[in-house]
Amino acid sequence: MPHRPQSACGLGDRLFRHQLTATGVVVLAIMAAVGLFLLLRAAQALRAVGVVKFLTTAEWQPDVHKFGIAAVLTGTLLVAAVAVVVSVPLAVGTALFISDVAPRKLRRTLVTMVDLMAAVPSVVYGLWGLFFFQQHVIGLSRWLSDWLGWIPVFKVDGTQPGEPLASDSVYTASTFVAGLVVALMVAPIQCSVMREVFAQAPAGEREGAYALGATRWGMIRSVVLPYGMGGIIGGTMLGLGRAMGETIAVYMIISPVFVIQPHILQTGSNSVSSLIALHYGDASTFGMSALMAAGLALFLLTLAVNFTASSIVARSRSGAQSEA
Amino acid sequence: MTVVDETPPAEAAAVEAVPLAPEVPDVPRRIGGLTRSGVLSLFGAAASGLCTAVLLFGELAPFSGSLGFFVTAYAAFLLVYAVLTGLEEDGQAVRDRVMTVVLWTAAGLLFTALALVVGFTAWRGREALPHGNFFTQDMQAAGPLDPLTNGGIAHAMLGTLIMITIALTITVPLGLACAVYLNQIPGRFSRFVRTIVEAMTALPSIVAGLMVYAVWILGLGMQKSGLAAGFAISVMMLPIVIRAADVVLRLVPGNLTEAAEALGAPRWRTVWHVVLPTARSGLATAVILGTARGIGETSPVLLTAGFTAALNANPTNGPMISLPLAVFNFVRSPEPTMIARGFGAAAVLMALVLVLFAIARVIGGRGPGHQSKRQARRAARASRQDLERFDELNAARGAGNCATSHEAPAPDDEPASAPTHGDSH
């Protein structure tokens, strides 16, 4: 920090400084309160069954003290995994398209459209997934389970490969469908993080690559992608955090089950956030405490993922200050 | 992209025509842009991909449904395109062409999905939207079996308006001040705050709802209300607004603030008169985008606002409902009319988000430091007035024979406004 002139140490500036620091403290306090109050409220339930049992039980019957997040946590992770596997190629492709391929005049519009897509309410995605997308995905689900059913993840109980009369209903409301819809929700978020980093790839190195005779893809592979690796990883994890926390779209699509469901194509799944949305209304005091514990677990999980993400993005970001 | 070489094709052909050249001639590579043969092979490959798919489909390919058809056609298209390009280009160029097509496809898929989501909502909303009562009535008198001419979403629209107003009242002052803090008072603590805020931008929205539920409803014993929902939306929006505003404030050119400080302005004046006005459009965009996110959130409202079918304009008393929550509740009913109402409400919500985006685009269309015509005119006028004032001052001094004295006190807003004017010329 440069040496401040005398005038900057006046009363007005000192007040200004203190006021701003105070807002910083307030914001920090609000953020800390989220974790703190969840912990306080969750303590009762966690003390009743113990943390280990809470993490390993699949059922959810808090009133007979038999509850845990094994099933919902598996579901959350599987939905997030499907979402990330589908969204990352889309996001990387779109980010590269916007930063390097698209006609220059279009770029600003495309950036706005990606931002718009990130702001489309999740309930709208949920509606779309439930009433439109699901029936079109069933063909893909059926194909995957017919041909790749020998891989445990793609197995669907109660179907024979190639059986034409099998009912579609075993493929609906599955982890896979929910994951695809969530993928569309997180892809724009990942895309905007990646695009920002890609756009910062040094122009000198880009032109150097071209001067050495690289094609555009050659330039992208040798300059933009290595430079933007941090952005790709960070953006992916940011999307992962969002995918794990998504509530309404998942809740609308899946049909909740309280067993560990490793078959992503099969109907029935669950997630921590839809568990909360499902049970908050009819929960007793103890049940509410159990839900708070589930919320706390989700909170800690996403926080860990987001911290990793933002530190990776921050490390890859060069020159935070920009001069005119 | 910046070094596109416009080699006329004739020249390139001439270079190639030189027979038995001992050294490889240097032909600048075309980067981007379209050639005639490129376009032709693109269309050829598309046609043959489509034909292959028609031929194979249902006979050999094990797919079913329209999705499978497109996948088969696309794979065939890529293959044929690679082969066609390979007829006249080297391996690198083939890879480049194919990857360019793949990137176009990725972007195309994402934007098609966006168009489908928006279009489908609007299309299904067409049943409910033409009825005027949909916007003016609440659902108190309308049962699930009533036709669309009865009942509407006025209560949800009012609820959304009230909740977002509460949330904005909290997040705008707090969020912008915090963003200024992060930028203006660097140090270990502000770095820590920034890290926390960045990690919180992806806070699951249901956790924000749970937190307000734990504090406000369980802790303080309040009932579910619009105010609680407003708080929950604030907790969710705050990190988003701070982060977006922080990014915008970072873009304020350093030479503007340095000029202000060189003129002796204290830090708070520099911020108030230089930094904030320069970043105004970007800050407005940050707030509007945060609003768009806040309006669409369902889960915090689900936990904290309760449910009502009646119009309730009092945020402190009784349950209140917002648009996304209304959508959620409508489509849980099996009745077609209720689902139609749900889509209508979703279309209204979507339209609201689109309008907010259009406003953000208009306001934020310029980068920081760039002025609209009116702002530039105003700045020029102020500049001229300053000039006249200086002239008068000098003239008065000349008359008073004290040209060497420099005691003339600068007017209050002088140090701050001068640099912005300088920038505009």
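**View 1. A:H65 sits in the loop between β1 (60-61) and β2 (66-67) of chain A.** Helices (H or I, at least four residues) and strands (E, at least two) are DSSP runs, numbered from the N terminus. The model is predicted: local features need pLDDT of at least 70, side-chain atom pairs count only at pLDDT 80 or more, and totals for chains, interfaces and linings use all residues. Residues are numbered from 1 along each chain as its sequence is written, while chains are lettered from A and ligands numbered from 1 in the order in which they are written. Most residues other than glycine have a negative phi. A:H65 has a positive phi, near 55 degrees. Is A:H65 buried or exposed? A:H65 counts as exposed, because it has 12 C-beta neighbours inside 10 Å. (Buried means 20 or more other C-beta atoms within 10 Å of a residue's own; exposed means 12 or fewer; partly exposed lies in between; C-beta atoms are placed from the backbone.)

**View 2. Chain A has 12 helices and two strands.** From the N terminus, the order is α-α-β-β-α-α-α-α-α-α-α-α-α-α. The C-alpha atoms fill a box of roughly 70 × 60 × 30 Å along the principal axes. Chain A has 324 residues, and 54% of them count as buried.

**View 3. Helix α1 (residues 11-49) of chain A packs with helix α7 (residues 188-200) of chain B.** Two packed helices are described by the angle between their axes and the distance between the axes. Here the angle is about 40 degrees, and the axes are 10 Å apart. (Axes are lines fitted to C-alpha atoms, for helices over the stretch in contact; angles run from 0 to 180 degrees between N-to-C directions.) α1(A) and α7(B) are therefore oblique to each other. (Under 35 degrees is roughly parallel, over 145 roughly antiparallel, 65 to 115 roughly perpendicular, and the rest oblique.) Their crossing is left-handed: the near helix is turned anticlockwise from the far one by less than a right angle. From α1(A), the contact uses A:G24, A:V27, A:L28 and A:M31. From α7(B) come B:F189, B:S190, B:V193, B:I196, B:V197 and B:M200. (Contact means C-beta atoms, placed from the backbone, within 7 Å.) By class, eight residues are nonpolar, two polar and none charged. (Ala, Val, Leu, Ile, Met, Phe, Trp, Tyr, Cys and Pro are nonpolar; Asp, Glu, Lys and Arg are charged; the others, Gly among them, are polar.)

**View 4. Helix α5 (residues 122-148) of chain A crosses helix α15 (residues 336-363) of chain B.** Their axes come within 10 Å and cross at roughly 135 degrees. The pair is therefore oblique, and the crossing is left-handed. Which residues of α5(A) meet α15(B)? They are A:V123, A:V124 and A:L127, which meet B:F343, B:A346, B:L349 and B:M350.

**View 5. Helix α14 (residues 323-330) of chain B is mostly covered.** Eight of its eight residues are buried. Among them are B:L323, B:P324 and B:F330. Their cover includes α5 and α10 (248-253) of chain A. It also includes α6 (154-184), α12 (280-296), α13 (299-304) and α15 of chain B.

**View 6. The contact takes 92 residues from chain B and 85 residues from chain A.** On the chain B side, helix α4 (residues 91-124) gives the largest share, 19 residues. By class, that side has 64 nonpolar, 19 polar and nine charged residues.

Note on methods:
Contact = placed C-beta atoms within 7 Å.
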